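Please look through the sequence and the model shown here before reading on.

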Amino acid sequence: MSDAAQTFVLPNGMVLVGEPVASFASASFTLLAPAGGCWDPVDRLGLASLTCEMLLRGAGSRDSRAFVNDLERLGVERHESVGVSNASFSASMLAENLPAALEIYADLMRRPLMPSDQLDAGRQVCLQELRGVEDEPSHKLMNELRRRHYPDPWGRSSQGDREGLEATTADEIARFYVERYGPRGMVLAVAGAFDWPELCKTVERLFGDWASQPEAKPVEGSPLAAGGHVPFDSSQSHIGLAYPSVPYRHEDYFQAWAAVGVLSGGMSSRLFTEVREKRGLCYTVNAALQTQVDRAAVFCYAGTTAERAQETLDVTMAEILKLAEGVRPDELARLKARIKSGLIMQQESTSARSSSLARDWRHLGRVRPVEELSAMVDAITSDSINAYLRRDPPSDFTCVTLGPKALELPAIAGAT
């Protein structure tokens, strides 16, 4: 069983969140740095991703190869990603190797080498990732949907664009690192087998004398013209729909989340049953509630043939709108069973738990105990979901399609 999550805020603003689990043999941490793509200058889209790539090319006394070798010697399984708001660095290892792994990541955060002679290689990695997205129509569509649904910079793709990546210089990467990587806004969340007082001492020693970077806020632009069609020479059509929802910190979040779960959570969900199984309109259809700190939206995707694309769009939109008529108790019962399974499995994974701790702090400024989360799920009823749907039914749609021909959006008030 886990002890309660604890928090230690360093004087420089960095936050350590820890949840000791004595029965585990492993430990994991997630480190969020406020260095996402929302900070990219408009003519350097991809700068945040390229900076993250360069950070991984050696730190402290380790060159690029020694950095990798030392992590592998400790048995560290790691992952890095750049989102709209944050760059995320996660690592899992045997609990006894946690202090040594944190030493390496302290070098990564504070003393990266970012060798200029490896800039072209790092740039090529980012360009390859960008090409991978461009070659995958569904990803290309959903990137375009987010870009049109949110005001800039909140709908940006973290991969940036080719022009920005090719133009970025070593000096610009160094400046981005100085401005964005620092203790202000940084969250380190740790879960697994460790001694909390000892962990606090280690983190204070490694990060306590790190000077805070200047405070800043991203500049928000005007929304783009919503909706539209992206011509793509293919026999397939790809459909994206989005509508506003409530973010994780909102009191109605779990009502909204449950409603989307009824719409698209498993093979008994409405979209899967009506659009795919009964009518055979598409090979895949799904919807998910995606949240940022201050905004959220439901994003829906359907992939089908060009011949059946219009009917797929019509039926998918109709199923989304039917949500406003309410959900049934039997639908909610199936959903709750899946949610409970997810909560239990999360408790058995230090990696998942450290990610959850970091997310809670980022969104709520506190950690939500599993018991509180479980009670909130238990309190969801079909009546509470339906009351939320009456207050905030799906509306104000953004629709983007990608394929050989444009589709006609069903005539619905607020759809673009």
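## A covered strand

How many of the 6 residues of strand 2 (residues 15-20) are buried? In this predicted model, 6 of the 6 are buried, where buried means under 20% relative accessible area, exposed over 50%, and partly exposed in between (1.4 Å probe, protein chains only). Both faces of strand 2 are covered, with Val15, Val17 and Glu19 on one side and Leu16, Gly18 and Pro20 on the other.

Strand 2 pairs with strand 1 (residues 6-9) in the antiparallel sense over 4 bridges, and Phe8 stands opposite Leu16. Strand 2 is also joined by 6 bridges to strand 6 (residues 187-192), and these two run parallel. Strands (E, at least two residues) and helices (H or I, at least four) are DSSP runs, numbered from the N terminus, and two strands pair if DSSP finds at least two bridges between them.

## A helix with two sides

In helix 15 (residues 382-391), Ser382, Ile385, Asn386, Tyr388 and Leu389 are buried. They lie on the same side of the helix because they cover an arc of only 155° around the axis, the arc being that of the directions from the helix axis to the C-beta atoms. On the other side of helix 15, Asp383, Arg390 and Arg391 are exposed.

## Cysteines

The structure holds 0 disulfides, a disulfide being a pair of cysteine sulfur atoms within 2.5 Å. For Cys399, the nearest cysteine sulfur, that of Cys300, is 9.6 Å away.

## How to read the values

Residues are numbered from 1 along each chain as its sequence is written, and side-chain values use heavy atoms, with hydrogens and water left out. As this is a predicted model, local features need pLDDT of at least 70 and side-chain atom pairs count only at pLDDT 80 or more, while totals for chains, interfaces and linings use all residues.
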